[in-house]
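Please open the structure in your viewer and keep the selection tool at hand. The tour goes stop by stop, saying what to select and what is there.

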Amino acid sequence: MTIFFTADTHFGHRNILTYCNRPFSNIGDMNEAIIQGWNARVQPYDTVYHLGDFSFGPNPSSYMDRLNGTKSLIIGNHDKASTFTMHGWEWYTDYMELRHPGERHPIVLCHYKFQVWNAKHRGAFHLYGHSHGNLPGCRQSLDVGVDNVGFAPITLAEAKERML
């Protein structure tokens, strides 16, 4: 089993193409590219932590049903109750400190970027979304939103490689 992280997929959000200058000709192409990128990396037995803004628009379950893995949601500002309470999430919350296998310290997960977080001074990592690559991380933090990491979920090892 592999653990992956992602954020800000914004399935069904037509205006995100313009807001974030996403390289897709239309929303259908974007949705399909993100689903294909996700499923190319994530197997059915893997775990994905989605750090918010899963979808924006009607019928979010139409995307959820097509995505591999056991999925959990850290709620983002665009995630309505119809999104975070739908079938398909293992669980959902606003904030989590994850004990990742092989890591000594927790990984702090939130939709929003923090400047300080629990155990930062002891080497803990912080993964976030929301900023669509506009707020740089540091040696211990990274925006794992799809706009910042190639439109597919990434592992903690891959996130560490991207940290400054």
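A residue is called buried when its relative accessible area is under 20%, exposed when it is over 50%, and partly exposed in between, using a 1.4 Å probe and protein chains only. The model is predicted, so local features need pLDDT of at least 70 and side-chain atom pairs count only at pLDDT 80 or more, while totals for chains, interfaces and linings use all residues. Residues are numbered from 1 along each chain as its sequence is written, and side-chain values use heavy atoms, with hydrogens and water left out.

**Stop 1: the cysteines**

Select Cys138, which is partly exposed with a relative accessible area of 25%. Next select Cys110, which counts as buried at 7% relative accessibility. The closest cysteine sulfur to that of Cys138 is in Cys110, 15 Å away, too far for a bond. A disulfide is a pair of cysteine sulfur atoms within 2.5 Å, and by this rule the count is zero.

**Stop 2: helix H2**

Helices (H or I, at least four residues) and strands (E, at least two) are DSSP runs, numbered from the N terminus. Select residues 27–41, which form helix H2. This helix has 15 residues and reaches 22 Å from its first C-alpha to its last, close to the 21 Å expected at 1.5 Å a residue; the expected span is 1.5 Å times one less than the number of residues.

**Stop 3**

Which residues of H2 are buried? Select Ile27, Met30, Asn31, Ile34, Ile35, Gly37 and Trp38. They cover an arc of only 165 degrees around the axis, which puts them on the same side of H2; the arc is that of the directions from the helix axis to the C-beta atoms.

To see what these buried residues pack against, select strand E1 (3–6), helix H1 (16–19), strand E2 (47–50), helix H3 (61–64), strand E3 (70–74) and helix H5 (146–149). Contact here means heavy atoms within 4.5 Å. Then turn to the face of H2 that points away from its buried side, where the exposed residues Gln36 and Ala40 sit.

**Stop 4: salt bridges**

Side chains of opposite charge can pair when their charged atoms come close. A salt bridge is a side-chain nitrogen of Lys or Arg within 4 Å of a carboxyl oxygen of Asp or Glu. How many does a search of the whole structure find? There are four salt bridges, and the tour visits some of them.

Select Glu32 and Arg66, whose side chains meet in a salt bridge at 2.6 Å, N to O. The pair links distant parts of the chain, with Glu32 in helix H2 and Arg66 in the loop between H3 and E3, 34 residues apart. Glu32 is partly exposed at 31%, and Arg66 is partly exposed at 39%.

Move on to Glu158 and Arg41, another salt bridge at 2.6 Å, N to O. Glu158 belongs to helix H6 (residues 156–162) and Arg41 to helix H2, 117 residues apart. Glu158 is partly exposed at 25%, and so is Arg41, at 30%.

End with Asp147 and Arg22, which meet in a salt bridge at 2.7 Å, N to O. Asp147 is in helix H5 and Arg22 in the loop between H1 and H2, 125 residues apart. Asp147 counts as partly exposed at 21% relative accessibility, whereas Arg22 counts as buried at 4%.
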